[in-house]
Amino acid sequence: MPGYRRQLYRDDAVVLRVQKLGESDRIITLLSRRHGRLRAVARGVRRTTSRFGARLEPFGHVDLQIAGDPNGGDGLHTVSQVEAIELYGKRFLDDYPRYTAASAIAETAERLSPVEREPSLRLFQLTLGAIRALAAREHAGTLVLDAYLLRGMGVAGWAPALVECAVCGTKGPHKAFSVPAGGAVCPDCRPPGAAHPAPATLDLMVALSSGNWHVADAAEAGPRRECSGLVAAHLQWHLERGLRSLPLVDRTTGEEQK
Ligand SMILES: [Zn+2]
């Protein structure tokens, strides 16, 4: 291809999505540490003799060598080598709630990195950390997901205000929450139709945003459910199209087994 510099580069990445391409190939969507979100073709991975098919499944943390122009270019990149660091996807195979939470994390990661090859170390670390935490089962899957969504929105620059009023900045805590207004709102700024979540719900959202797992793990089912609803509403408001995987996440109990 004229004007197209093809070279090998190496990076570690989380596999976000795998799509079929023709008879035996796949297109892999990756969130990489240093090169941002990438799409690359893996040739022959659907053959049983493939060298790296099983290593390129969703949610895996892998080390890759990719052929392509790391600075852009229109040519499709190809995976030339892949080593497994940790294949987290296997751990979700028999755990549908965690599988759907991982799917929502992967889909959100893709939506929060709209431009290919634009590095975001923070988003990469958050995404890998959330997948790893889901696999470790130390916290309820829904809490791990909501913590990820809150912090991911922070990376994107539209985390909900939780303590200060979203409109005027007056210090709270405030009792009302309005997604269109940007989060918690004081009595003066409260628009019609604002929600009035339980104080424990806003406490949980603050705990999840700041990584205070001691408080988050102790939250009861009601605040967990309310928190999930507000986080999902805030996320959907800011994304142009809703997430396909989020409605599939099982939030029926809010106290899913750890
Ligand atoms: Zn205000």
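In the protein, residues 24 or more positions apart account for 60% of the contacts with a separation of 6 or more, a contact being heavy atoms within 4.5 Å. This is a predicted model, in which local features need pLDDT of at least 70, side-chain atom pairs count only at pLDDT 80 or more, and totals for chains, interfaces and linings use all residues. Residues are numbered from 1 along each chain as its sequence is written, and side-chain values use heavy atoms, with hydrogens and water left out.

The secondary structure consists of 6 helices and 7 strands, in the order β-β-β-β-β-α-α-α-β-β-α-α-α along the sequence. Helices (H or I, at least four residues) and strands (E, at least two) are DSSP runs, numbered from the N terminus. Of the 258 residues, 51% are buried; buried means under 20% relative accessible area, exposed over 50%, and partly exposed in between (1.4 Å probe, protein chains only).

The zinc ion has the protein donors C165 (SG), C168 (SG), C186 (SG) and C189 (SG), 2.3 Å from it. Donors are N, O and S atoms within 2.8 Å of the metal (3.2 Å for Na, K and Ca). Along the chain these donors follow the spacing C-x2-C-x17-C-x2-C. C168 lies in the loop between α3 (141-156) and β6 (176-178) and C186 in the loop between β7 (183-185) and α4 (199-210), so the pair ties together parts 18 residues apart in sequence.

| Residue | Relative accessible area |
|---|---|
| C168 | 43%, partly exposed |
| C186 | 5%, buried |
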